[in-house]
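Biologist: Please guide me through the reading of this model, one feature at a time.

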Amino acid sequence: MGGAVSAGEDNDDLIDNLKEAQYIRTERVEQAFRAIDRGDYYLEGYRDNAYKDLAWKHGNIHLSAPCIYSEVMEALKLQPGLSFLNLGSGTGYLSTMVGLILASEPVHPYRRWPQVLNLLGLLLVRKLPEAQLSASPRPFLPSPTRRQLSTLLCCSSASGAPFLVKGPFGINHGIELHSDVVEYAKEKLESFIKNSDSFDKFEFCEPAFVVGNCLQIASDSHQYDRIYCGAGVQKDHENYMKILLKVGGILVMPIEDQLTQIMRTGQNTWESKNILAVSFAPLVQPSKNDNGKPDSVGLPPCAVRNLQDLARIYIRRTLRNFINDEMQAKGIPQRAPPKRKRKRVKQRINTYVFVGNQLIPQPLDSEEDEKMEEDNKEEEEKDHSEAMKPEEPPQNLLREKIMKLPLPESLKAYLTYFRDK
């Protein structure tokens with residue numbers, strides 16, 4: 001599948017083409033696509049094909065065509081704070097883009113969250129000694145602090161029983177059949193967190209991947225707000241997929257050669273809409289154990305983030321808001337990624353002459369053609385001269401703010417996710 005749009009020279013050029021062809025239609029989806037370079041998910045030696053609108057497969061590693069991912073992202077109607085399950089998560093490319101939207105802004109209506117996050121920010125900055133931070137991912141919290149947080153985080157259900165309120169950061173899970181592909185996805189995820197210039201510009205709901213067949217998910221697994229299946233679903237597995245979806249949720253999957261959006265409108269009611277004609281490899285049927293039954297696969301737990309992680313999120317969010325306020329006060333616009341100027345295609349005018357008994361077309365250059373050639377030559381020379389200039393590294397304002405804080409170096413490193421740039 002693919003080939004619906006022309007090839008791009010780089011990731012931004014590919015996104016421009018997808019927008020122009022109306023595959024990408026919303027700003028939120030566009031930002032996610034621009035932030036994650038598709039080429040980073042290709043093996044070395046195959047990257048030349050990364051910006052073509054084509055699927056790519058090498059061994060067990062597979063990427064769908066960009067136009068397919070675009071339609072999937074738009075059809076999922078992602079919002080911050082939702083839970084997402086990727087069935088056949090592959091390289092993690094789609095899950096990483098989804099993660100930028102699930103945690104993109106705090107929208108949870110729970111009124112106590114500002115108090116919780118303020119307390120966590122103070123906790124991380126004031127309560128944690130340097131040795132403790134570097135020694136353990138979950139440092140000891142004093143009992144009074146734990147009691148304060150328990151009071152803030154818990155409230156009563158209709159029955160009076162306490163329950164833990166989920167934060168506004170989303171849940172991002174993936175299940176993949178092949179263990180080598182899960183390892184590949186984890187490597188690419190770590191590379192994005194450590195090396196991508198986009199990481200500090202977004203809040204990120206980090207995906208968690210497990211190995212297993214998505215047709216063997218344990219029957220007591222939790223349900224999700226959004227689900228995508230990246231393999232062809234047979235008709236007799238359609239209801240199995242639907243049961244994984246929460247009421248009000250959206251499932252996108254290929255079924256009977258149609259990429260289909262299914263919305264769960266009630267406990268036993270759904271609405272379906274065909275999006276695009278597609279061709280996907282079918283789901284692999286589960287193998288059975290010695291008892292003649294397939295082993296069940298457990299999904300990652302939907303756990304509340306630990307306190308140290310929440311504190312880091314809040315501090316980074318606060319600093320990012322300060323930066324945005326400062327830029328607005330100074331009248332500095334948020335810089336959009338530069339768009340490459342497309343070359344104008346030369347249209348030749350043909351004249352026809354008789355050679356013997358044959359009518360032969362002969363190209364006839366017009367003055368406009370000659371002007372186009374001159375303009376294109378000037379643009380090429382300008383692009384070449386700009387390419388020869390030493391490229392300035394992008395300014396990371398968030399990192400600069402963190403490094404200026406009066407904190408121990410180990411705490412600064414933790415706040416930057418131990419990134420080197």
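Biologist: Does α3 pass α4 in a left-handed or a right-handed crossing?

Modeller: A crossing is left-handed if the near helix is turned anticlockwise from the far one by less than a right angle, and right-handed if clockwise. Here α3 passes α4 in a right-handed crossing. Helices (H or I, at least four residues) and strands (E, at least two) are DSSP runs, numbered from the N terminus. This is a predicted model, in which local features need pLDDT of at least 70 and side-chain atom pairs count only at pLDDT 80 or more, whereas totals for chains, interfaces and linings use all residues. Residues are numbered from 1 along each chain as its sequence is written, and side-chain values use heavy atoms, with hydrogens and water left out.

Biologist: At what angle do α3 and α4 pack, and which residues meet?

Modeller: Axes are lines fitted to C-alpha atoms, for helices over the stretch in contact, and angles run from 0 to 180 degrees between N-to-C directions. The axes of α3 (residues 66-76) and α4 (residues 93-102) lie 12 Å apart, at an angle of about 35°. Y69, V72 and M73 of α3 meet Y93, L94, M97, V98 and I101 of α4, contact being heavy atoms within 4.5 Å. The contact comprises eight nonpolar, no polar and no charged residues (Ala, Val, Leu, Ile, Met, Phe, Trp, Tyr, Cys and Pro count as nonpolar, Asp, Glu, Lys and Arg as charged, and the others, Gly among them, as polar).

Biologist: What is the order of strands in the open sheet?

Modeller: Two strands pair if DSSP finds at least two bridges between them. The seven strands follow the order β7-β6-β3-β8-β9-β10-β11, with mixed pairing. Because β7 and β11 each have a single partner strand, one side of each is left without a neighbour in the sheet. The twist from one strand to the next averages 15°.

Biologist: Where are parallel and antiparallel pairings found?

Modeller: β6 and β7 are parallel, with four bridges, and G174 stands opposite F209 in β7. Helix α8 packs on the sheet, where it touches β6 and β7, and its direction makes about 165° with that of β7. β9 (residues 245-255) and β10 (residues 258-266) are antiparallel, with six bridges; L251 has I262 as its bridge partner. The two strands form a hairpin with two residues between them, and E256 in the turn has a positive phi of about 50°. β10 also runs antiparallel to β11 (residues 269-277), over eight bridges, among them that of Q261 with K273. This pair too is a hairpin with two residues between the strands.

Biologist: How many residues line the second largest pocket?

Modeller: On a 1 Å grid over the protein atoms alone, a pocket is an open set of points with protein on both sides within 12 Å along at least five of seven lines, a cavity is a set where a 1.4 Å probe fits but cannot get out, and lining residues have an atom within 4 Å of a point. The second largest pocket has 36 lining residues, with G170, E206, A303, R305 and D309 nearest its centre. They divide into 20 nonpolar, eight polar and eight charged, and α10 gives the most, with four residues. The pocket holds about 830 Å³ of space (grid points are joined across faces, edges and corners, and a volume is the space filled by probe spheres set on the points).

Biologist: What lines the largest cavity?

Modeller: The lining includes F169, F199, R305 and Y417, and by class it has seven nonpolar, no polar and five charged residues. About 110 Å³ of space lies in this cavity.
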